Amino acid sequence: MRHNSSAFLKMTFAGVLAVSLATAVASPALAKPAAPAAQEAPKGPPKLIVAIAVDQYSADLFAQYRARYTGGLARLLKGAVFPSGFQSHAATETCPGHSTLLTGAHPARTGIIANTWVDFTAPRANKYVYCAEDEKAGGDKMVVSAAHLKVPTLGEWMKKQWSDSRNVAVSVKDRAAVMMSGHDPDGAYWLDGQAFTSYTGKPLPVAIASANERLKALFAKGAGAMAVPAWCAPRDRAVQAGALTVGTGRFTLGEADKTRKLADQFRASPRADAVTLEIAAGLVKELKLGKGGAPDVLSVSLSANDYIGHGYGTEGLEMCIQQFELDRKLGTFFAALDASGVDYAVMLTADHGGIDLPERLREQGLPEAQRAEVDLSGTTLGKVIAGELGLANAKPVLSDGLGGDYWISPDLTAEQRAQVQAKLVEKLKAHPQVEAVFTRDQIAATPYPLGHPQDWSEIQKARASYDPQRSGDIYAPLRRAVVSVPTPKAGSITVTTHGSIWDYDRRVPMLFWRKGVTGMEQPQPVETVDIAPTLAALIGLKVPEGTFDGRCLDIDGGPADSCGK
Ligand SMILES: [Zn+2]
């Protein structure tokens with residue numbers, strides 16, 4: 001029988017925080033002997049923050065599958081549930097999204113405006129720069145680094161306040177692990193080809209080395225089709241997208257699949273999340289996370305959801321199996337954390353949302369869905385403009401893909417640049433797939449956006465993505481349901497993408513859970529920049545005024561306030 005009369009059982013996020021602050025004036029209730037650990041809510045701030053990002057986990061996927069969850073996600077549904085979290089900014093890509101999660105800042109302040117941007121001063125022939133690299137150190141070679149991240153992460157602030165606090169991250173994607181842990185973490189691990197690795201010269205823990213051994217065996221042996229839950233059967237239907245057929249995949253792994261390389265097959269399968277979570281549980285044990293004198297933070301970014309979304313779309317059998325496996329594997333992970341005896345708090349969210357492939361969207365009630373036209377690339381537009389203006393420079397404009405940011409070459413006279421910009425604006429405005437065209441001056445003159453993110457105007461979203469040193473000269477978001485992936489050719493592994501200004505890419509769930517929490521659901525819009533201040537309050541972390549763009553969310557379902565107000 002549980003101690004139902006115990007004050008501890010009613011203890012909540014705010015309650016435990018209040019208790020920790022009140023220990024100096026310990027009340028008689030607190031002096032009571034503690035019941036066995038498994039029987040009651042924990043006292044004091046949690047010892048370990050487990051920050052989980054499920055890549056491309058849109059609010060739409062969450063709404064579609066939440067009733068099916070019985071594992072780890074079902075546990076989180078008993079905590080504080082915010083189904084309408086917003087990655088509020090315009091450029092809803094992986095790196096910017098991850099950069100907001102534990103910094104509490106929009107990409108305009110994290111400096112991570114995209115996965116890739118153009119820097120004409122970069123020391124390399126190709127002027128494209130990756131968000132999680134240091135091109136000054138690497139030149140033409142890619143050296144993974146947090147050099148581009150302009151603000152500290154939660155883990156960095158924690159280490160400032162408590163010198164023995166640890167900050168560790170793991171993901172299949174380097175940029176996810178880098179952006180969640182930030183500068184100089186105690187450990188950041190990601191998959192490089194067929195093995196997990198870390199920053200150059202950093203030793204690999206046993207949890208990583210043993211996972212790499214298991215991966216080696218898996219890649220050598222391959223694996224059969226994954227089990228299909230009965231409730232996924234209605235999704236099992238083939239759809240043609242150019243040269244690719246999707247919708248019926250069951251994630252066999254091996255040489256039989258001629259369309260994808262082994263590493264790509266692995267990444268775009270629930271197996272990638274399973275290994276990431278095994279490593280995460282192994283790191284907790286090996287590094288004794290949550291067992292030191294100060295709170296630790298472990299960031300886990302699960303990339304399979306995103307690779308599966310890109311590779312197969314969001315409404316086929318593949319995503320259904322993924323949702324089933326994600327829930328199941330998170331359940332196994334939380335059971336391992338329970339067994340460790342560590343008092344942990346979980347936050348789970350996403351770096352951005354997503355949308356299905358246009359071919360299936362058109363079959364399923366969205367006739368306007370289409371693929372972006374390749375003439376929207378900066379190189380193509382630039383070539384046409386160079387011809388019209390008689391410029392010697394054949395590449396006056398660059399972009400990273402179709403739509404979004406466009407950069408104008410500095411190797412032109414001021415007059416030529418103005419002419420190129422005018423032509424570019426004119427052509428983009430005339431394009432039927434372009435929603436709006438904003439110049440850098442227009443975006444820079446827009447006040448930093450505040451208020452409910454679902455009410456933001458298009459230029460306000462662009463402002464939250466705008467960094468004067470890195471952003472393009474023109475920002476041209478595409479229309480709703482225009483997917484920025486050309487028709488897949490043979491050998492292609494991508495059928496759809498995200499990155500748009502639309503809410504299907506901006507809206508993500510935000511879930512908080514800790515043992516003994518008083519559950520709640522708050523459907524009003526909140527922002528992913530609210531996560532860092534919320535977690536900071538939970539552990540009693542003090543940061544300077546103005547550090548966060550977001551606000552602390554009271555994640556206590558009862559009258560207590562986890563923000564300590
Ligand atoms: Zn993605």
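Select Ser409 and its contacts: beyond its neighbours within four places in sequence, Ser409 touches Phe120, Asn393, Lys395 and Pro396. Contact means that the C-beta atoms, placed from the backbone, lie within 7 Å. Numbering starts from 1 along each chain as its sequence is written. The model is predicted: local features need pLDDT of at least 70, side-chain atom pairs count only at pLDDT 80 or more, and totals for chains, interfaces and linings use all residues.

Stay on Ser409. Is this residue buried or exposed? Ser409 counts as buried because it has 20 C-beta neighbours inside 10 Å. The cut-offs are 20 or more other C-beta atoms within 10 Å for buried, 12 or fewer for exposed, and partly exposed in between, with C-beta atoms placed from the backbone. Ser409 sits in the loop between E14 and H17. Those labels are DSSP runs numbered from the N terminus: helices (H or I) have at least four residues, strands (E) at least two.

**The sheet beside the loop**

Now select the open sheet of four strands, in the order E13-E14-E16-E15, with antiparallel pairing. Strands pair if DSSP finds at least two bridges between them. Strand E13 (397-399) and strand E15 (438-439) are the edges, each pairing on one side only. Strand E14 (residues 404-408) pairs with strand E16 (residues 474-476) over three bridges, in the antiparallel sense. Zoom in on Asp405, whose bridge partner in E16 is Tyr475.

Angles run from 0 to 180 degrees between N-to-C directions; axes are lines fitted to C-alpha atoms, for helices over the stretch in contact.

Jump from Ser409 to Met180: they are 229 residues apart in sequence and 32 Å apart in space, C-alpha to C-alpha. Select helix H5 (residues 94-101) and helix H9 (residues 174-181), which pack at about 25 degrees with their axes 7 Å apart. H5 is therefore roughly parallel to H9. The classes are under 35 degrees for roughly parallel, over 145 for roughly antiparallel, 65 to 115 for roughly perpendicular, and oblique for the rest.

Show side chains here. From H5 come Thr94, Cys95, His98, Ser99 and Leu101; from H9, Arg175, Ala176, Met179 and Met180 meet them.

**A buried strand**

Step to strand E5 (residues 167-171). Five of its five residues are buried, so E5 is largely enclosed by the rest of the structure. Asn167, Ala169 and Ser171 point one way, while Val168 and Val170 point the other. In a regular strand the side chains alternate between the two faces of the sheet.

Which strands pair with E5? Strand E10 (residues 296-302) runs parallel to E5 over five bridges. Within E10, Val300 is the bridge partner of Val170. Strand E6 (residues 187-192) is also parallel to E5, joined by three bridges. There, Ala188 is the bridge partner of Ala169.

**Last stop**

Select helix H13 (residues 304-312). Nine of its nine residues are buried, so H13 is largely enclosed by the rest of the structure. Among them are Asp306, Tyr307 and His310. Just after H13, check Gly313, with its positive phi of about 85 degrees.

Conventions: Two residues are in contact if their C-beta atoms, placed from the backbone, lie within 7 Å.
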